[in-house]
Amino acid sequence: TAQEIALSHELRFGERISVRQLAGELGIVMQDATLSKARPYGVELILAGREAGDCELYQLDAAGGLSSWKAVAIGEKASEHKSKLAAEYTTALSEEQARRLCNKLLPIEEDVLDTRTSIFVSKTAAKDR
């Protein structure tokens with residue numbers, strides 16, 4: 001669906017869709033599925049991309065609600081990880097520091113990644129929104 005939305009936008013307007021606009025369009029699709037008789041998607045999504053050199057993160061909840069973040073976690077331990085991100089994340093993190101923070105919160109043990117939780121950290125010095 002995201003690819004279809006992006007391709008349709010590019011064909012119609014001759015330019016790539018922005019990350020924010022794509023997230024909003026996906027939210028509408030998810031909300032329509034939730035409100036209609038169709039089966040809702042029942043998942044949370046994180047959409048990440050770059051706009052004008054800055055990283056952007058958007059979280060879509062199962063009903064299609066959209067939130068913008070600088071660092072976000074979804075899944076089984078999301079609230080625990082969001083608290084830790086709030087305490088440790090700053091926009092001054094280097095790319096390596098951002099990686100270390102993600103690895104600290106979501107360690108890979110015995111080459112097995114726990115897929116019940118996802119964490120993304122934006123490495124950008126953009127103004128707070």
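## Group meeting: cores and helix pairs in a predicted model

Let's start with one side chain. Met30 touches Tyr41, Val43, Leu45, Leu60, Asp61, Ala62, Ala63 and Gly64, leaving aside residues up to four places away in sequence. Keep in mind that this is a predicted model.

Where does Met30 belong? Met30 is part of the largest nonpolar core, which has ten residues in all. As background, nonpolar side chains tend to be buried together in soluble globular proteins.

There is also a second, separate core. It has nine residues, including Ala71, Leu85, Leu93 and Leu101.

Now the overall layout. The chain has four helices and five strands. Read from the N terminus, the order is α-α-β-β-β-β-α-α-β. Of the 129 residues in the chain, 31% are buried. Look at the contacts with a separation of 6 or more: 51% of them join residues 24 or more positions apart.

Helix α1 covers residues 2-13, twelve residues. From first C-alpha to last, α1 reaches 16 Å, close to the 16 Å expected at 1.5 Å a residue. Just after α1 comes Gly14, with a positive phi of about 70 degrees.

On to helix packing. Two packed helices are described by the angle between their axes and the distance between the axes. How do α1 and α2 cross? Their axes come within 10 Å, at a crossing angle of roughly 125 degrees. The two helices are therefore oblique to each other. Their crossing is right-handed. Who meets whom? From α1 we have Ala2, Ile5, Ala6 and His9. They meet Gln21, Leu22, Glu25, Leu26 and Val29 in α2.

As α3 passes α4, the crossing is right-handed. On the α3 side, the residues are His81, Lys84, Leu85 and Glu88. On the α4 side, they are Leu101, Lys104 and Leu105.

Take Ala98, in helix α4. Is Ala98 buried or exposed? Ala98 counts as buried, because its relative accessibility is 7% and the cut-off for buried is under 20%. Ala98 and Ala71 sit 27 residues apart in sequence, with their C-alpha atoms 9.5 Å apart in space.

Then Gly65, in the loop between β2 and β3 (66-69). Gly65 is partly exposed, at a relative accessible area of 29%. Its contacts, not counting residues up to four places away in sequence, are Gln59 and Leu60. Leu60 also touches Met30, where we started. Gly65 and Ile28 are 37 residues apart in sequence, yet 8.5 Å apart from C-alpha to C-alpha.

Technical notes: Residues are numbered from 1 along each chain as its sequence is written. This is a predicted model: local features need pLDDT of at least 70, side-chain atom pairs count only at pLDDT 80 or more; totals for chains, interfaces and linings use all residues. Side-chain values use heavy atoms; hydrogens and water are left out. The expected span of a helix is 1.5 Å times one less than its number of residues. A nonpolar core is a set of buried Ala, Val, Leu, Ile, Met, Phe, Trp, Tyr and Cys residues joined through side-chain atoms within 4.5 Å. Buried means under 20% relative accessible area, exposed over 50%, partly exposed in between (1.4 Å probe, protein chains only). Contact means heavy atoms within 4.5 Å. A crossing is left-handed if the near helix is turned anticlockwise from the far one by less than a right angle, and right-handed if clockwise. Axes are lines fitted to C-alpha atoms, for helices over the stretch in contact, and angles run from 0 to 180 degrees between N-to-C directions. Angles under 35 degrees count as roughly parallel, over 145 as roughly antiparallel, 65 to 115 as roughly perpendicular and the rest as oblique.
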